[in-house]
Amino acid sequence: MGFNIGIVGLPNVGKSTLFNALTQTQSAESANYPFCTIEPNTGRVSVPDERLNKLAELNNSQKVIANQLEFVDIAGLVKGASKGEGLGNQFLANIRETDAIAHVLRCFENSDITHVEGSIDPIRDAEIIETELMIADMENLEKRISNMEKRLKGGDKALAKEFEVIKKALATLNSGQPARNTDICEEEQKIFKSLCLLTGKPLLYVCNVEEESAGSGNSLSKLVQEKAKAENAQCVIISAGIEEEVAQLDDEEKVEFLSELGLQETGLKRVIKAGFKLLNRITFFTAGPQEARAWDVKQGSTAPNGAGAIHGDFERGFICAETISYDDYIACGSETKAKELGKMRQEGKTYIIKDGDIFHFRFNV
């Protein structure tokens, strides 16, 4: 799949440590100095979903294929990044290519690890990055407006619509708010997305806390949670150091280690799940003896859209979708039993996919 999330933050907040743990590799060098991540590191991770494992178990599936997300570890930035300070220009170019942003904020004290601003304040850190991104967006849109005004005289209607969306977004930015807060109607969504605005991307705050606070957070992470709630953004608490250590253990050791810390699941699972949700994706399944597989579509997608996620021919020749809800499938214990009990439905082209649906698509090309 083609979705990726950029991991951003000031230098030395734990971005590369988090990336290492997420991808269970050591491909991103971690070091106690700014800009140790010079090139964006990219890694794909499976989206944890116990439903897929259960379906595979019931079907004795030979292969199990989960949904995947791509994470990109991007060089840290500092004040003045929008003006080219530090690695600013490179940072902004890299983040522009991602679909969403996971903003790592340092929510722990440690005198052995330097902070580029000299003190620990996650709200200030969040505002530094947001301000730099907003300035870059404003400069980008102002240049576009200047170029478009001359071309608008030709009466291009499509260009006029784009111009109106740009003006809306710029007005939002000039009011001190990120572009994602722009009031955009459904018709304008495609145009808005094509602008690739840095502050137009969905946002997830990741609070990196000390080991003792990995379960419930601390006073600093609570401030970030309040900020996220006010912005209608998502927020996850992790201890990147713990997560990196856990990532090196086998499954049995992980369970024991987490239990000793009083944790039910890793913070990484929460980050991945939150990232998947951030992109407004839902999951449907196909399951059988050969393969149990999770597929993702945008929330609100129709059955033909789901068929198209598997193969374009499925969507073009769509006839119907034989559908069983996940709960019915599990309750019946098999597809055969679900059919016998009348739990399999035939859905047409207008059916809106529900999270957890299990499909057989009928098509003719």
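The report covers the chain as a whole and then one of its strands.

This is a predicted model, in which local features need pLDDT of at least 70 and side-chain atom pairs count only at pLDDT 80 or more, while totals for chains, interfaces and linings use all residues. Residues are numbered from 1 along each chain as its sequence is written, and side-chain values use heavy atoms, with hydrogens and water left out.

The chain has 14 helices and twelve strands (DSSP runs numbered from the N terminus: H or I of at least four residues for helices, E of at least two for strands). Its radius of gyration is close to the value from the globule rule, so the chain is as compact as a globular protein of that length. Both values refer to C-alpha atoms and to a rule of 2.2 Å times the number of residues to the power 0.38.

| Quantity | Value |
|---|---|
| Radius of gyration of the chain | 23 Å |
| Box filled by the C-alpha atoms, along the principal axes | roughly 65 × 65 × 35 Å |

Of the 365 residues, 50% count as buried (under 20% relative accessible area, with a 1.4 Å probe and protein chains only).

Strand 8 spans residues 281–287, and seven of its seven residues are buried, so the strand is largely enclosed by the rest of the structure. On one side lie Arg 281, Thr 283, Phe 285 and Ala 287, and on the other Ile 282, Phe 284 and Thr 286. In a regular strand, side chains alternate between the two faces of the sheet.

Strand 8 runs antiparallel to strand 9 (residues 291–298), to which seven bridges join it; pairing requires at least two DSSP bridges. Phe 285 stands opposite Ala 294 of strand 9, and a hairpin of three residues links strand 8 to strand 9.
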